[in-house]
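Please look over the structure below. The report that follows covers its sheets, a helix packing and some backbone details.

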Amino acid sequence: MTATTSTAPTPSTAELDALRTAIARDLPSYLADLERLVDIDCGSYTPIGVDEVGRWVASFLADLGAEIETRPDPAGRLGATVVATFRGRQGAPRVLLIGHMDTVFDPGTAAERPFRIDDGIATGPGVTDMKSGLLAGLYALKAMIGERGGVPFERLVFVANPDEEIGSPTSTAHIRELAAGVDVALVLECARANGDIVSARKGFIDLRITVNGRAAHAGVEPEKGRSAILEAARIVRALHDLNGRWPGVTVNVGQISGGTRPNVVAERCVLAIDMRATAREALDAVDAEIRRIAEATSIPDVTVEFERVGGWWPMEKLERSGRLVEHAQGVARALGFEVADTSTGGASDANTTSGMGVPSLDGLGPIGGNDHAPTEYLEVDSIVPRTTMLAGLLLAIAADPEVAAWRLERDAGE
């Protein structure tokens, strides 16, 4: 691995001023586009709305000169993944940008609480997670291309995916395919509420445990029954006791479903489990322990089954990802503010790219908070400086000889 040996270059003051001016000029358009996207019901399981957002994103990127490819969900249940490719100078770095189009909200939410701005705070479903981050990527590209007359990369690929909020089940394969050929991945989730960008994320496994017992009349012959709920109760208590056993590990049984009637010994019980860890080894360890606990049944004749519904490996801060943090901090400083990097418990598509060994950075959108809640908000005053930082970060990556060296090193190993 190439060590970081030189100071990360920063675009000139004139370049950053030009980017900031262009983005500030476009702020009314950005806000109008934000209102349009927020007011579309586009939960992960609302493909009509997600695809409406996708068509709009594809049109925006096509107007900037990208080649557009739409990749539908083979099962037809979810929206399509939009892949936009810009081509530039041969031998320059290759970059992947990722922003998701879906939200966690049900149909009707946009009508119940549409986009609005009060005292510099924008609200509405998905305003932070992640319509504003998606737009930051689009408007950063628009400003950069406008100033440079094109992209300063051999290839820049923008992925707008339809299913991040449910673990990217259809788009992960596309992201992995595209990430295999790039030097850097930038994910456009919004910054933390304190302004931090994200260099590390917990990984998670979404696990279902089904406990199978035996039904019987609870009043007449309960001894013939084998209560799946009683066995599940043992498992739940033991799983929650795992919290704190390993640094950075959390385990939560978030949903329980079982039984049919009060007078029937429960034949079946299903536990929905979220386990998270900061390191892959710890995630493997807690997964194995959960399975061991569940399989050590205390009631005769009871059995358990496991189903892994989804998951991401942790986004661990790679050495080369630290170089990207240096770039972001240098650009922010030149723009007049400071930015720190942090780790967070939530997962994103950066977990996929980082897990592949691709230097990755996340949390590059504007500042907001209360994701997934009715109180979700965006600080409007953060849009211009954070979008300018993103555009400047792209220029810094393009000009960094160390990123070029990563490319040469990777190509030599193929």
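Start at one residue pair: the bridge partner of Phe-204 is Trp-312, which lies in β13. The model is predicted, so local features need pLDDT of at least 70 and side-chain atom pairs count only at pLDDT 80 or more, while totals for chains, interfaces and linings use all residues. Residues are numbered from 1 along each chain as its sequence is written, and side-chain values use heavy atoms, with hydrogens and water left out.

Helices (H or I, at least four residues) and strands (E, at least two) are DSSP runs, numbered from the N terminus. Two strands pair if DSSP finds at least two bridges between them.

**The sheet of 4 strands**

Phe-204 and Trp-312 are bridge partners. Strand β10 (residues 203-212) pairs with β13 in the antiparallel sense, over 9 bridges. Both strands belong to an open sheet of 4 strands, in the order β11-β12-β10-β13, with antiparallel pairing. Which are the edge strands? They are β11 (250-258) and β13 (303-312), and each pairs on one side only. From one strand to the next, the twist averages 20 degrees.

Strand β12 spans residues 268-277 and is mostly covered. Of its 10 residues, 8 are buried. Buried means under 20% relative accessible area, exposed means over 50%, and partly exposed is in between (1.4 Å probe, protein chains only). β12 runs antiparallel to β10, joined by 10 bridges. Here Asn-212 stands opposite Arg-268 in β12. β12 also runs antiparallel to β11, with 8 bridges. In that pairing, Ser-257 stands opposite Val-270 of β12.

**The sheet of 6 strands**

Another open sheet has 6 strands, in the order β1-β2-β6-β3-β7-β15, and its pairing is mixed. β1 (67-71) and β15 (360-361) stand at the edges with a single partner strand each, so one side of each has no neighbour in the sheet.

Strand β3 (residues 94-100) has 7 of its 7 residues buried, so it is largely enclosed by the rest of the structure. Arg-94, Leu-96, Ile-98 and His-100 point one way from β3; Val-95, Leu-97 and Gly-99 point the other way, and all are buried.

| Strands | Sense | Bridges |
|---|---|---|
| β1 and β2 (residues 81-87) | antiparallel | 5 bridges |
| β3 and β6 | parallel | 7 bridges |
| β3 and β7 (residues 184-187) | parallel | 4 bridges |

Arg-71 has Thr-81 in β2 as its bridge partner. His-100 stands opposite Asn-161 in β6. Ile-98 stands opposite Val-187 in β7.

Helix α3 (residues 47-63) lies across β1, β2 and β6 (155-161). α3 runs at about 5 degrees to β2.

**Helices α2 and α5**

Two packed helices are described by the angle between their axes and the distance between the axes. Helix α2 (residues 27-38) packs on helix α5 (residues 127-148) at an angle of about 140 degrees. Their axes are 10 Å apart. α2 and α5 are therefore oblique to each other. Angles under 35 degrees count as roughly parallel, over 145 as roughly antiparallel, 65 to 115 as roughly perpendicular and the rest as oblique.

Which residues meet? From α2 come Ser-29, Tyr-30, Asp-33, Leu-34, Leu-37 and Val-38. From α5 come Val-127, Lys-131, Ser-132, Leu-135, Ala-136 and Tyr-139. Contact means heavy atoms within 4.5 Å. By class, the contact of α2 with α5 has 8 nonpolar, 2 polar and 2 charged residues. Ala, Val, Leu, Ile, Met, Phe, Trp, Tyr, Cys and Pro count as nonpolar, Asp, Glu, Lys and Arg as charged, and the others, Gly among them, as polar.

**Backbone details**

A cis peptide bond joins Asp-129 and Met-130, with omega about -5 degrees. Met-130 lies in helix α5.

Asp-119 is a residue other than glycine with a positive phi, near 55 degrees. Asp-119 lies in the loop between β4 (116-118) and β5 (121-123). At 82% relative accessibility, Asp-119 counts as exposed.

His-372, also not glycine, has a positive phi near 70 degrees. Its loop runs between β16 (365-369) and β17 (377-379). Is His-372 buried or partly exposed? At 44% relative accessibility, His-372 counts as partly exposed.

Notes: Axes fitted to C-alpha atoms, helices over the stretch in contact; angles between N-to-C directions.
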